[in-house]
Amino acid sequence: MSNEILKKEIEKSLREMGLLDEDLVDAVECVAFLREKLEPVVREFESKGLPGSIAIANDQDAIAAVDEITERVVNRQGLLEKAMMGEDIHDSLASIKAKVESLIVGSEVAARTIEQMQEATKKMRTTNRNKIRE
């Protein structure tokens with residue numbers, strides 16, 4: 001995929017999340033740069049059956065970029081104001097962060113919502129209880 005087509009796709013996704021103007025231009029450039037930089041590492045992880053998003057966790061620039069872009073989207077969507085009014089924004093925040101990570105690694109990254117964490121906790125408890133009984 002050519003670099004320009006990739007940037008257009010990244011721009012479209014970020015625009016759908018609410019980024020505009022300078023925020024949009026900066027985020028597109030940053031995501032495109034990181035995608036190119038991390039592509040060999042992502043490919044290596046995925047060839048081993050591991051999630052490509054691990055590449056982000058191992059790169060300080062990528063971590064900072066995800067946080068910065070997520071913060072800009074949160075500000076544009078007014079999520080902080082909603083949180084101050086008592087609304088639970090965890091799932092929205094997790095979804096935004098997963099979308100940004102997906103744009104960087106070039107594949108789907110699962111959001112870690114409260115419901116998913118609760119399900120994982122229940123599963124672990126059940127597994128542990130079963131091991132104790134054995």
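**Exercise 1.** Determine whether Glu-115 is buried or exposed, and state which surface patch contains it.

*Solution.* Step 1: Glu-115 has a relative accessible area of 56%. Step 2: residues count as buried under 20% relative accessible area, as exposed over 50%, and as partly exposed in between (1.4 Å probe, protein chains only). Glu-115 is therefore exposed. Step 3: Glu-115 belongs to helix H7, residues 114-133; helices (H or I, at least four residues) and strands (E, at least two) are DSSP runs numbered from the N terminus. Step 4: together with Glu-87, Asp-88 and Asp-91, Glu-115 forms a patch of negative charge on the surface. Such patches take residues with over 30% relative accessible area and no salt bridge, like charges being joined within 9 Å. A salt bridge is a side-chain nitrogen of Lys or Arg within 4 Å of a carboxyl oxygen of Asp or Glu.

The model is predicted: local features need pLDDT of at least 70, side-chain atom pairs count only at pLDDT 80 or more, and totals for chains, interfaces and linings use all residues. Residues are numbered from 1 along each chain as its sequence is written, and side-chain values use heavy atoms, with hydrogens and water left out.

**Exercise 2.** Classify Ser-102 as buried or exposed and list its contacts beyond four places in sequence.

*Solution.* Step 1: Ser-102 is located in helix H6, which covers residues 90-105. Step 2: its relative accessibility is 13%, so Ser-102 is buried. Step 3: with neighbours within four places in sequence set aside, Ser-102 contacts Arg-35, Ser-107, Glu-108 and Val-109, where contact means heavy atoms within 4.5 Å.

**Exercise 3.** Describe the surroundings of Leu-24.

*Solution.* Step 1: helix H2 (residues 21-47) contains Leu-24. Step 2: Leu-24 is buried because its relative accessible area is 4%. Step 3: apart from residues up to four places away in sequence, Leu-24 touches Glu-11, Leu-14, Arg-15 and Leu-19. Step 4: for the pair Leu-24 and Glu-11, a sequence separation of 13 residues goes with a C-alpha to C-alpha distance of 7.0 Å.

**Exercise 4.** State how many helices and strands the protein has, and what fraction of its residues is buried.

*Solution.* Step 1: the protein has 7 helices and 0 strands. Step 2: of its 134 residues, 31% are buried. Step 3: among contacts with a separation of 6 or more, 53% join residues 24 or more positions apart. Step 4: along the principal axes, the C-alpha atoms fill a box of roughly 60 × 45 × 20 Å.

Technical notes
Patches are made of residues with over 30% relative accessible area and no salt bridge: like charges are joined within 9 Å, nonpolar side chains (Val, Leu, Ile, Met, Phe, Trp, Tyr) within 5 Å. Accessible areas come from the Shrake-Rupley method with a 1.4 Å probe; for residues, only the protein chains shown count as cover. Lys and Arg count as positive and Asp and Glu as negative; His and the chain ends are not counted. The place of a charge is taken as NZ of Lys, CZ of Arg, CG of Asp or CD of Glu.
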